[in-house]
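Visitor: I am new to this structure and would like to learn how to read it. Could you walk me through it?

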Amino acid sequence: MIISLNLLKQFVDLNDIDLSYLLHKLTFSGLEVEGVHHLAKAKGLVIGEILSVKNHNDSDHLHILEVDEGEKYGIKQIVCGAKNVKEHLKVIVARDGAIIGNDDVKITKSKIRGVESYGMCCSLEELGVDKSLLSEKQCSGIEELDENAPVGEEDVLHYLGLDDVLIEINVLANRSDCLALYSFAKEVSALLNRKLNIPYYEIKANRKSSYKVSSKSEYCKQFSLRVVRNIKVKKSPIWLQVALRSEGIRSINNIVDIGNYVMLLTGRPIHMYDINKINSQEFVVRDDLNLPFIALDEKEYQIQEGDLVVTDKENPLCLAGIMGGLNCAIDDNSCDIAIECASFSNVKVRRTSTRLGLASDSSSRFVKGINPKNDKEALELASYLLQELADASIFEEIVTYDVREKEDRHIACSFSYINHRLGTSIAKEKMEEVFKALNIDITLLDEDNFLALPPEYRIDLKCDADLSEEIFRIIGLEEIKPTLPLIPMTLGGLNPFQKKKRLIREHLVSLNLNEVLTYTLINENVKDECALLTLDEECYKVKNPMTIEHSVIRKSLLASLFDVVKYNNDHQKEDVAIFETSLIETKTHSFESLGIVLKGHKFEQGLLNIREYNFYDILGIFESILTMLGINKNRLKFQSLEDNIYFHPFRSLKVYLNNKLVGVMGELHPTYMKKKDLKNTYALEIDLSSLCEVKSASLKMESISKYPFVTRDYAFVIKKEVNFALIEKTIKKYTSSLIKNVEIFDVYEGEHVANSYKSIALRLTYGSNDHTLVEKEISEIENKAISALSSLGGELRK
Amino acid sequence: MIDKIKEIARDAEKKIANAENIEELNKLQLLYLSKKSTLMSFMSEMKNLVGEERAKFGQLINSVKQDITKRIEEKKKILEAKALEEKLKKEVIDISLPGYNYQKGTKHLFQRVVDEVSDIFIGMGYQIAEGKEVEEDHFNFELLNVPKDHPARDMQDSFFIDETKLLRSQTSPVQAHVMLEKNGKGPIKIISPGKVYRRDDDATHSHQFGQIEGLVIDEHVSMSDLLGTLELFVKKMFGEKREIRMRPSYFPFTEPSVEVDISCFECGGKGCPLCKHTGWIEILGAGMVHPNVLKMCGFDEKKYQGFAFGIGIERVAMLRYGVDDIRRFYTNDMRFNEQFHKE
């Protein structure tokens, strides 16, 4: 909110208070100063009167003026381009040497198309006044001053009420009381220990009330009304225009301005009705209507059951706390009016306002919370102003409907509690002083305990912790010294899953992969892409997305990773190796996922030695993760991914753990690559949560054989479709544990090998932990291995 | 005969000296020292001699043999060294070419900050608590003292999934889960890093961003402990010279609440564009856990109290590493990501 320093000064004594000290005090008591602006900024101004206007010979729009700048400066020649110059117009002159506007523009005498000009006639905008506060006319020409403006006056900003400082305050959500200038002044008075000067008016009623008020809704428990007659709608006096302008509100007419001014000062939204347009003698608040309603903004809104509405018993007159109706609006001919000041439930106002997309200063104040008790003060202030500024002469009695329960707002607290909470040792006398300054009544129960009664406008003070905050923000900041918690020892650290996850991430980084971070919310169109781990699961959709691009919660990391690859491809980076770990949540299940994408080439040695990534890169990375987790490959089931549209049917794998799919990996399907505008791309996605849960055998040293092992190499021809895993498995099945290792070291297809066959070179390692194998033993196992191969159709090459 | 031997010796000396390679030398060895060589054949003459003459003759042959052997050995060493030198010369490579690629990749800056902050707090005895991102309204708001229709809900425009579920708008619901799990018994000392979501998007706001929530609860945990803890954290994260200050603020789940500023690490507090000439930079929000939150989460609010704080992950990273736009974290331009390579 914007605080006008000039306005604030009317209600609290700020004489001799340094501005920067005030700003510091505000910020460090919870009223953060977000900015300080001068309403206008100018030096070297004077009020002048145009004596004559001549056209400039050399220009179609410039005028040469003779301007009387008063006794001190005499008559000066000024060249001016504004259209609205005329003889005897009183104007603001920036003299030779003047500095004007927020950008500190310097005005100097100069020749304009050959004619001497000793200054400039100004618009308010040129003096730095925000455009939004000015009328169209004011923006299009120089400022036209009142005909009585004193020629020669040099403090022009003061004369215009523009010598104000605007303080922009970030009022915290719990301190809505400070949105009322009166309460803000009280806060400042407490902070600076300065005298308050808030007037209280009471206008004696000179007639009985002609209206009845009531509420049929439990969401409006208080409704007060005063009828004022014989008002005159006219322009507001300058002081009121200036006060509102400082607060960023444009002046409309005296009645509207009074309403805004009362709201500004008391924080209470009031609403005024033209009672001559209402055919009833009764105001009833209801929440059971279903009908259309035309509001002051001339738009139609549909009122629903549940919306709080002020009615004349039957017809709606006002969307309670939000906006009045066009049917009973004040206009230039209004004469008799009713002023309403009520307590509408913030919940109801918020709901209706949100649903209709209709907000006003009034609704925003109701939503944030109002002082529930100053309705009479607000009505009396409005009455006083109507009497002074709108010639009102008949004031009926205030009628009030009020069924609010009396609540006990006392808070039990103790000085020691506050010190314990803050970690301070502030003397209780000092705390009492703070409470007194804040108008919080203290009743001492004993040495330490007390009852506190906060003032009615402090609706945020509800419990002992709230009181500790008052002490904290007023005097506690300087009293608190840094300490560390003295509490029972706790063991810090990552849990086993977090530890494994971090190790895997660091491992992948050490393999020269780059970690990335992508959005959880993705476009619904790509939600199923590569989501093989969550194939039949339903994804969460956001009800109120910001864009379609981010509208559903992803079921797989891979589509996001492909976007990263694509982005980099489009930015001169063709070869990318990336990974991400992230939570995946679907309607049925959630897990930590790891996604890896390799695209393009692996650079073994700069550009000297590069090779394309292939299936075995992605597989190798997966195998290294299994080793880290201590998972033997035998515990997993591998299957080719044949029937899918995302992966190459014969260069991909599905991995099962106890019949649960925990991973997919491989080369992308050429069709899918084409769709994603990718080439030579390999991807992996695994369910880290499941894999990290696998219990692996605890580490224990195994004895190392003292006896040498023997290796022998074999070349044989076998059908192409027999894969290595089957060969290894069959050899191990046929032979004994004396075969320590089966390794493949060459695969060859082509010349000298029949068409549907391949030649494979195997190295078998024979050995025992308790003796050196003799030739007889070796050849026995060797024969078994060879017959194992034969059973697969393999034939030893001679 | 003696003359002949001496001639052989002279001849051998000359030829050995002139030998140009090992092969030639090996031939000379055979020529002079094999059993069939002229020199050795003189040995058989020995039996025809007697006495002193025989001894003298034997000594001569031996000394010539030793001399030749020695000369061959020495020459061999020289030739071998020469051969090696030549071989090495032929093996010259360009040692200025790049080495094979054993470089590491780069951790994402976001994760780097999470890991750094986590390690600092782990060192102080904190555990890491993580939660789900699809959260119940009850945990994201209600247990944190933000009932339905509370104006504070407008402070955080959330992504709703249905009436009761939303994408968490803060990491604070993890607090509530941890407290309920602890069944009213302290102490609690956790941080919970994670992603959160709000309907917001510009150079300093992203609809997805990271927070690290901290929570300490026990019987005597005070505001001054919060100040001390954060001061320690800030010095570790931003340098020993950093100072911190608190400003009163408002969060529904803490009372009192504060915003915490650190002295600007760019200018040391003198004022510069980074700190908007104030000398201070706002880095986190914190406060004493509201008694209502303790109560709703199963703790006796008369016995226990504690503090909580929330750090913006990208904010810390942007400040510390001079990142100009939050969206860079999510674009993953490798030219950006790879800059944060150094440990």
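**Reading the model step by step**

Guide: Let us begin with a cysteine: Cys335(A) has a relative accessibility of 29%, so it counts as partly exposed. Please keep in mind that this is a predicted model.

Visitor: How far is the sulfur of Cys335(A) from the closest cysteine sulfur?

Guide: The general idea is that a disulfide is a covalent bond between the sulfur atoms of two cysteines. For Cys335(A), the closest cysteine sulfur belongs to Cys328(A) and lies 16 Å away, which is too far for a bond.

Visitor: How many disulfides does a search of the whole structure find?

Guide: Over all chains, the search finds zero disulfides. Cys220(A), for instance, is in no disulfide, and the nearest cysteine sulfur, in Cys341(A), is 11 Å away.

Visitor: Is Cys220(A) buried or partly exposed?

Guide: Cys220(A) counts as buried, because its relative accessibility is 0%.

Visitor: Let us turn to the two chains. How much area do chain A and chain B bury between them?

Guide: The size of an interface is often given as the accessible area lost when the parts come together. Here chain A and chain B bury about 7,700 Å² between them, with 55% of it on carbon and sulfur atoms. In terms of residues, 82 from chain A are in contact with 92 from chain B.

Visitor: How many salt bridges are there between chain A and chain B?

Guide: There are nine salt bridges between the two chains. One of them joins the side chains of Glu130(B) and Lys501(A), at 4.0 Å from N to O. As for polar contacts, 43 residue pairs between chain A and chain B make them, both residues being at pLDDT 80 or more.

Visitor: Which helix gives the largest share of the side of chain A that touches chain B?

Guide: That is H14(A), with eight residues.

Terms used
Residues are numbered from 1 along each chain as its sequence is written. Chains are lettered from A and ligands numbered from 1 in the order in which they are written. This is a predicted model: local features need pLDDT of at least 70, side-chain atom pairs count only at pLDDT 80 or more; totals for chains, interfaces and linings use all residues. Side-chain values use heavy atoms; hydrogens and water are left out. A disulfide is a pair of cysteine sulfur atoms within 2.5 Å. Buried means under 20% relative accessible area, exposed over 50%, partly exposed in between (1.4 Å probe, protein chains only). Contact means heavy atoms within 4.5 Å. Buried area is the accessible area (1.4 Å probe) that two parts lose on being put together, summed over both. A polar contact is a pair of N or O atoms within 3.5 Å; within protein, one must be able to donate a hydrogen and the other to accept it, and residues adjacent in sequence count only if both atoms are side-chain atoms. Helices (H or I, at least four residues) and strands (E, at least two) are DSSP runs, numbered from the N terminus.
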